[in-house]
Amino acid sequence: MVDVVEDETTFYSKAERYWQEVPPTVDGMLGGYGNISNVDISGSKKFLQKFLGEGKGKTGTGCALDCGAGIGRITKRLLLPLFRTVDLVDVTQEFLDKAKSYLGEEAKRVENYFCCGLQDFKPEPSRYDIIWIQWVIGHLTDDHLVEFLRRCRGGLRQDGLIVVKDNVAYEGVVLDEVDSSVCRDLQLVRALARRAGLQIVCEERQENFPEEIYQVHTLALR
């Protein structure tokens with residue numbers, strides 16, 4: 001990826017500027033593809049429910065972290081219905097401000113709104129049952145992604161899980177100049193997870209998305 005991202009500082013500042021111009025709406029969060037939100041959430045719920053429950057090896061439902069949360073689309077539709085409390089982290093303060101009204105009455109179960117880039121974010125140790133990281137790993141360099149995943153590992157409770165759901169490239173790494181992000185192929189995503197000391201527990205491709213967008217894969221890691 002080094003040959004794709006020439007200057008790390010510019011890579012991050014360009015992305016921050018891009019998101020500052022994006023409207024704080026579901027359509028804005030999904031780059032104009034607001035209509036895929038229902039299919040996305042229902043696929044995620046099916047994936048997540050395999051792991052949740054009580055008993056040996058099951059993931060608890062106490063607290064979840066929504067990474068790159070934006071206005072809280074995933075928090076509202078996926079995490080708050082399944083977990084007692086949720087924390088949000090996003091680099092854009094305007095999105096987090098909007099989240100408070102977008103989440104409505106259920107916002108009272110959000111404990112923290114962290115305004116921070118994931119390259120700098122340090123999850124509280126042993127706090128989370130689930131750390132959900134969707135459509136945001138492309139905004140981190142390889143090294144920062146590995147370091148972030150390591151910190152996430154430390155943020156998990158017993159039997160907790162990290163879930164990464166993202167676009168995957170057909171081959172190699174593709175740079176998006178518009179929002180200053182990269183799309184990696186599945187092999188590289190897996191390799192970076194392993195570098196962070198994580199094992200892939202489960203992996204699935206999201207179905208029923210439009211043909212013209214990248215394939216989207218979901219990986220459960222611990």
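Which elements are included in what covers the buried residues of α3? In this predicted model, the cover includes α2 (26–29), α4, β4 (128–134), β5, β8 and β9 (215–221).

**Helix α3**

The helix α3 has 13 residues, which should span 18 Å at 1.5 Å a residue; the C-alpha atoms at its ends are 18 Å apart, in agreement with that value. Within α3, the buried residues are S37, D40, I41, G43, S44, F47 and L48. These residues lie on the same side of α3, because they cover an arc of only 165° around the axis. On the face of α3 that is turned away from the buried side, N38 and K46 are exposed.

| Pocket | Volume |
|---|---|
| Largest pocket | About 1100 Å³ |
| Second largest pocket | About 270 Å³ |

The lining of the second largest pocket consists of 14 residues, and those closest to its centre are G43, K46, E204, Q206 and E207. Helix α3 provides the largest share of this lining, with 6 residues. Both α3 (37–49) and β8 (200–205) supply at least two residues each. By class, the lining of the second largest pocket comprises 2 nonpolar, 6 polar and 6 charged residues.

The largest pocket is lined by 44 residues, and W19, M29, W135, H139 and D179 lie nearest its centre. Its lining has 26 nonpolar, 11 polar and 7 charged residues. Helix α1 gives the most to this lining, namely 5 residues. Among the elements that each supply at least two residues are α1 (8–20), α4 (73–79) and β5 (156–168).

**Residue Y33**

Where is Y33 found? Y33 belongs to the loop between α2 and α3. Is Y33 buried, exposed or partly exposed? Its relative accessibility is 28%, and therefore Y33 counts as partly exposed. Leaving aside residues up to four places away in sequence, Y33 touches D27, P210, E212 and I213.

Key
Residues numbered from 1 in each chain as written. Predicted model: local features only at pLDDT ≥ 70, side-chain atom pairs only at ≥ 80, totals over all residues. Heavy atoms only, no water. 1 Å grid on protein atoms, 1.4 Å probe; cavity = no way out; pocket = protein on both sides within 12 Å on 5 of 7 lines; lining within 4 Å. Points joined across faces, edges and corners; volume = space filled by probe spheres on them. Helix = DSSP H or I, 4+ residues; strand = E, 2+ residues; numbered from the N terminus. Nonpolar A, V, L, I, M, F, W, Y, C, P; charged D, E, K, R; others polar. Expected span 1.5 Å × (residues − 1). Buried < 20%, exposed > 50% of the residue type's maximum accessible area, 1.4 Å probe, protein only. Arc of directions from axis to C-beta. Contact = heavy atoms within 4.5 Å.
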